[in-house]
Amino acid sequence: MGNRRGIIAGAVAAGVVGAAAIGGIVAGATVLARRAVEGERLTEDPLEVVNLGEAQGLPAVVLRGVGAGLRGDYTLLLAQDTIRARVGKVLGRESGNVVRELLAVDRGELRPGLRGRLTGWWYADPAELGLRVEEITYPTELGDAKAWVIRPKLPRKKRWAVHVHGRGAEPVETLRGVLPLARAGVTSLVISYRGDEGAPASANGRFGLGISESHDVDAAIAEVRRRGAERVTLVGWSMGGTACMLAKQRGAHRDVIDGILLDSPALDWPDVLRVHARAAGAPAPLADIGLELLRNNVVKSGVEDGLDAGSLVPERFARDLDVPVMIQASRGDGYVPSAGAERLAQLRPDLVELRLVDKAKHVRLWNMDRDGWEDAAFRFASTLPRPAFRG
């Protein structure tokens, strides 16, 4: 209770609120803090299937809803994710609806009236990549977690990559990043981590914003080292990017990491929480109080002794960085702003390459420009230097 009182007293002293509003402030900040670490899955804007047919001589589906007209290729998940289809380019618009090319129906029956969402995930199973796949488990400090080993057709000896998905996503999110690494001869380990299906439960059933998850990334690096890896490239999406950066900064196996490839990474968590506060109609200072509630363990998280999200900022990541980093990010990302990635690139231009676009949504850069994303990732993986010997 002392920590809680200190936080509120600080807020009052800073003039954020008057004493009469303390109860409301605590409640609001608590809600924001819990939202950041609770285990609900990230949901996209809801869509409805209006009709099926043809357009421009192609199979088509007519969709209604926010985001229905996003440029690129996406997976359409409907009826609580029990029906799965893939859609491509926009073929037209009619009465506020969007007509898209229907590329495939992978599961279930598509019909008018179904509701669901467009997601950036593309491959539903690693077998779709056309590469040799082995399902394994790897040991973590909490117990065994499932993973896929995906081997390229022409492997380069002792080179591996570990792929880490984002908050509220699933391992299949990262499969979009495997093929360009395979082209470079890199064998991939696509991991689950604490809190995922097929992995141990996280502390308090909540996320650690990359802090606790980085321990599982380090355990995955240990696994590929047992399998002969001498060089490991980390590939992280959203919060998975935070976990990758922390594994390089703090992990026991950080010396074998040769580079880090990131998509829409969360590199400034205080800024992310402030943006989410504003989106929820709350004043940004409430997010700062929420950060203190997490740090002082007043709001429980996936870090047992308190989550210091205030330390997850570009300045801290830049300080100890000693390997190349490629970041693909978008100024159109309203979920994890690109400002953190831009700041890290400014702080470490010697090591950080930033491929910045304008209009892609969160972790949708690949979907809008598959060739550009994969070519950049392939070039990065192909030209990484061997890690310096550190004794």
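Are Trp122 and Trp366 buried or exposed? Trp122 is buried, as is Trp366; buried means under 20% relative accessible area, exposed over 50% and partly exposed in between (1.4 Å probe, protein chains only).

This is a predicted model, in which local features need pLDDT of at least 70, side-chain atom pairs count only at pLDDT 80 or more, and totals for chains, interfaces and linings use all residues. Residues are numbered from 1 along each chain as its sequence is written, and side-chain values use heavy atoms, with hydrogens and water left out.

Please select Trp122 and Trp366 together. Their ring centres are 6.2 Å apart and their planes stand at 50°, so the pair is tilted. Rings of Phe, Tyr and Trp (its six-membered ring) pair if their centres lie within 6.5 Å; planes under 30 degrees apart count as stacked, over 60 as edge-to-face and the rest as tilted. Trp122 belongs to the loop between strand 6 (115-119) and strand 7 (132-140), and Trp366 to helix 10 (residues 365-368), so the pair ties together parts 244 residues apart in sequence. Helices (H or I, at least four residues) and strands (E, at least two) are DSSP runs, numbered from the N terminus.

Next, select Trp237 and Trp373. The ring centres of Trp237 and Trp373 are 5.4 Å apart with planes at 15°, so this pair is stacked. Trp237 lies in strand 11 (residues 231-237) and Trp373 in helix 11 (residues 370-383), 136 residues apart. Both Trp237 and Trp373 are buried.

Finally, select Arg183 and Phe378. The charged end of Arg183 sits over the ring of Phe378, 4.1 Å from its centre (CZ of Arg or NZ of Lys within 6 Å of the ring centre and within 35 degrees of the ring normal).
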